[in-house]
Amino acid sequence: METNIQILDNQIVATLVGELDTAAAIEMESGLKPLFENQDCDVVIDCTQLEYIASSGLRILLSILKQAKAHGKKVVLRNVNEDIKEVFRLTGFISIFNFE
């Protein structure tokens, strides 16, 4: 699992690459620390290259969403493939997140 973070146009953009399984989630959580600490920018999570997400990955995304909302910011999931979007549907998270 690889994560890249950039600030573009007053948005913090995190690109997720690979499989976000339980083992990768622990490493990813520390790699995404800037998203948890962010108070100034909306968050975009680019899932173009995300191949798989486990429940532990969903938990991390939900934590990022809660933190952003607490500071009046938005979180958008971008380019989520249909298989991963189905995981969001099955868990009910489809109605919690904004997708582009």
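Tutor: Let's start with a term: pLDDT is the predictor's confidence in each residue, from 0 to 100. This is a predicted model, and the mean pLDDT of the protein chain is 93, with 100% of its residues reaching 70 or more.

Student: Where is confidence lowest in the protein chain, and where is it highest?

Tutor: The lowest mean, 82, belongs to helix H2 (residues 33-37), and the highest, 98, to E5.

Student: Let's turn to the rings. How many aromatic pairs are there?

Tutor: Rings pair if their centres lie within 6.5 Å, and by this rule the count comes to 3 aromatic pairs. One of them joins Phe 88 and Phe 99.

Student: What makes the pair of Phe 88 and Phe 99 edge-to-face?

Tutor: The centres are 5.4 Å apart and the planes stand at 85°.

Student: Which parts does the pair of Phe 88 and Phe 99 tie together?

Tutor: Phe 88 sits in helix H4 (residues 82-91) and Phe 99 in strand E5 (residues 98-99), so the pair links parts that are 11 residues apart in sequence.

Student: Are Phe 88 and Phe 99 buried, partly exposed or exposed?

Tutor: Buried means under 20% relative accessible area, exposed means over 50%, and partly exposed is in between. Phe 88, at 1%, is therefore buried, while Phe 99, at 23%, is partly exposed.

Student: Then why is the pair of Phe 93 and Phe 97 called tilted?

Tutor: Their planes are 35° apart, with 6.2 Å from centre to centre. Under 30 degrees would be stacked and over 60 edge-to-face, and the rest count as tilted, so 35° makes this pair tilted. Phe 93, at 17% relative accessible area, is buried, and Phe 97 is buried at 4%. Ring pairs link Phe 88, Phe 93, Phe 97 and Phe 99 into a cluster.

Student: On to helix H1. Which residues of H1 are buried, and how do you know whether they line one face of the helix?

Tutor: In H1 (residues 22-31), the buried residues are Ala 24, Ala 25 and Met 28. Looking down the axis of H1, they fall within an arc of 105°, so they line one face. The face turned away from that buried side carries the exposed residues Ala 23, Ile 26, Glu 27 and Ser 30.

Student: What do the buried residues of H1 pack against?

Tutor: Their partners are strand E1 (2-8), strand E2 (11-20) and helix H3 (55-70).

Student: How are H1 and H3 arranged relative to each other?

Tutor: They pack at an angle of about 25°, with their axes 8 Å apart. Angles under 35 degrees count as roughly parallel, so H1 is roughly parallel to H3. In the contact, Thr 22, Ala 25, Met 28 and Glu 29 of H1 meet Ser 56, Gly 57, Arg 59 and Ile 60 of H3.

Student: One last spot. Where is Asp 9, and what makes it count as exposed?

Tutor: Asp 9 is in the loop between E1 and E2. At 76% relative accessibility, it passes the cut-off of over 50%, so it counts as exposed. Its phi is near 50°, a positive value in a residue other than glycine.

Student: And is Asn 10 buried or exposed?

Tutor: Asn 10 also lies in the loop between E1 and E2. Its relative accessibility is 56%, which is over 50%, so Asn 10 is exposed. Although it is not a glycine, Asn 10 has a positive phi of about 60°.

Conventions. Residues are numbered from 1 along each chain as its sequence is written. This is a predicted model: local features need pLDDT of at least 70, side-chain atom pairs count only at pLDDT 80 or more; totals for chains, interfaces and linings use all residues. Side-chain values use heavy atoms; hydrogens and water are left out. Rings of Phe, Tyr and Trp (its six-membered ring) pair if their centres lie within 6.5 Å; planes under 30 degrees apart count as stacked, over 60 as edge-to-face and the rest as tilted. Helices (H or I, at least four residues) and strands (E, at least two) are DSSP runs, numbered from the N terminus. Buried means under 20% relative accessible area, exposed over 50%, partly exposed in between (1.4 Å probe, protein chains only). The arc is that of the directions from the helix axis to the C-beta atoms. Contact means heavy atoms within 4.5 Å. Axes are lines fitted to C-alpha atoms, for helices over the stretch in contact, and angles run from 0 to 180 degrees between N-to-C directions. Angles under 35 degrees count as roughly parallel, over 145 as roughly antiparallel, 65 to 115 as roughly perpendicular and the rest as oblique.
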